[in-house]
Amino acid sequence: MPGVFDPHVHIGIERSFEEEAETETRAALIGGVTTIGIFLRSASKSYLDDLPGFRSAMDERSYVDSIFHPQIFTREQIAEIPLYAENYGIRSFKFYMSGLPGVVDSITDDLLLEGFRTVAALGPDAVTCVHCENGALVDQARASLKQRRSGGTLADWAEAHPPEAEALAIQTAAFLARLAGAHLYVVHLSSLDGMAAVKAARQAGTRLTVETTTPYLGLTSDDSNGFLIKMVPPIRAKAHGDALWFGVADATIDTVGTDNTSRSLSTKRPEAGLHGSKPGLPALGTHLPVLLHYGRLRGIPLEVLVDCATRAPATVYGIYPQKGTIAIGSDADLVLVDPDLERVVNATDLNGMSDFSPFQGKTLRGWPVMTIKGGTIAVRDGRLVAPSAGRYLPRPARGNAACGRLTPDSALTP
């Protein structure tokens, strides 16, 4: 199959950007991921000072190719969006409708509309990625949960990020995207309620692409790994996972990423419980096996699973057919998969910086046995056999970025 393109990765959250550019892309390549989309974060200052270093790190230390999605928080950053596009070939930008306490603030609706209009002015291929949760509802829910419960289970964590907050934010973002003429990309869809809002937004004429992640597709809130799998938005009850799989099957969901945010146990602190443990988890090394394993259990055609992980995200983000297909003229990024190979997930085998996995101890069926990067065998049977050869990919302006997926019958056709 084509090398996997994970469009949703965070680098440099716990350790330096340079160090994680090496360790986490190593885990990605071993897991069959050959290209990643990185969400850069600067809560207040310009990205112009840091982009050269980010690019150098990916060119010099990464095992996979990469594109950038800067996260936008301020009016000054919005004003610089044309410079990010012109100088670094960036065509996608992220906005948080609900911030992260102590990390970043929620963006207000007026700034969101201004950001949408600025991105849309770059051209029809530019993409506005949005963390869709209503900040006011989440803030109230978090405060209420903390007041009501000093401790609890992973299932209780879902109360801090209620699904109606996701649905309301999707409705708002879709309305503002239509107003601005922007291409809205909903990141990490997590709920049944959000799915209904997505369908309504499409019926209203919103130009919309929807992503979910393999942790949401493979885990439920009663999982025995408990707070090891705490994330934002949260892992929810089984009914929400069922709805997401229906969305993959009927093409309501277009792409599948990971929201990889690598941590170590010492900072994750699952023992600190409901309020003290940290969100964020490593998922690059298990991305493809989880998709194959649980997709098979759900009866999803292989062609659909492959399309969600390769061609569809590459097309949305303007790097298809360089990536996302097997064709003459495309990059020779290939993954050989043994669909019947079973392995028990062990963090040590994944070769990232994290000493745990959200799928720790689970048996997954369907693993990559060889990764070919740029025509060179880079990984064989879970071992690196070639040096790092990743590079940053600037994206030129193009025509319309496509929304949606191919039909199952055509998903693997070059």
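Predicted model: local features only at pLDDT ≥ 70, side-chain atom pairs only at ≥ 80, totals over all residues.
Helix α1 passes helix α2 in a right-handed crossing. Residues are numbered from 1 along each chain as its sequence is written, and side-chain values use heavy atoms, with hydrogens and water left out.

Back to the two helices. α1 covers residues 17–30 and α2 covers residues 51–61. Helices here are DSSP runs of H or I with at least four residues, strands are runs of E with at least two, and both are numbered from the N terminus. The angle between α1 and α2 is about 35°, and their axes are 9 Å apart. Axes are lines fitted to C-alpha atoms, for helices over the stretch in contact, and angles run from 0 to 180 degrees between N-to-C directions.

Which residues meet? From α1 come Phe-17, Glu-18, Glu-19, Ala-21, Glu-22 and Thr-25; from α2 come Phe-54, Ala-57, Met-58 and Arg-61. Contact means heavy atoms within 4.5 Å. Five of these residues are nonpolar, one is polar and four are charged. Ala, Val, Leu, Ile, Met, Phe, Trp, Tyr, Cys and Pro count as nonpolar, Asp, Glu, Lys and Arg as charged, and the others, Gly among them, as polar.

Next, rings. How many aromatic pairs does the structure hold? Eight. Rings of Phe, Tyr and Trp (its six-membered ring) pair if their centres lie within 6.5 Å; planes under 30 degrees apart are stacked, over 60 edge-to-face, and the rest tilted. Take Tyr-185 and Tyr-317: their ring centres are 5.1 Å apart and their planes stand at 50°, so this pair is tilted. The two are 132 residues apart, with Tyr-185 in strand β6 (residues 184–186) and Tyr-317 in the loop between α15 (311–316) and β10 (334–344).

Are Tyr-185 and Tyr-317 buried or exposed? Both are buried. Buried means under 20% relative accessible area, exposed over 50%, and partly exposed in between, using a 1.4 Å probe and protein chains only.

Lys-94 lies over the face of Phe-39, 4.5 Å from the ring centre. Lys-230 puts its charged end over the ring of Trp-157, 4.0 Å from the centre. The test is NZ of Lys or CZ of Arg within 6 Å of the ring centre and within 35 degrees of the ring normal.

Now two buried residues. Thr-214 lies in helix α9 (residues 214–218). Its relative accessible area is 0%, so Thr-214 is buried. Beyond its neighbours within four places in sequence, Thr-214 touches residues including Val-256, His-287 and Phe-359. His-161 sits in the loop between α6 (154–157) and α7 (163–180). His-161 is buried at 1%. Outside four places in sequence, its contacts include Glu-133, Arg-142 and Val-232.

Last, the backbone. Most residues other than glycine have a negative phi, and most peptide bonds are trans. The bond from Val-232 to Pro-233 is cis, with omega near -10°. Tyr-320 and Pro-321 are also joined by a cis peptide bond, with omega about 10°. Ala-251 has a positive phi, near 70°. Asn-351 has a positive phi too, near 65°.

Notes
Left-handed = near helix turned anticlockwise from the far one by under 90°.
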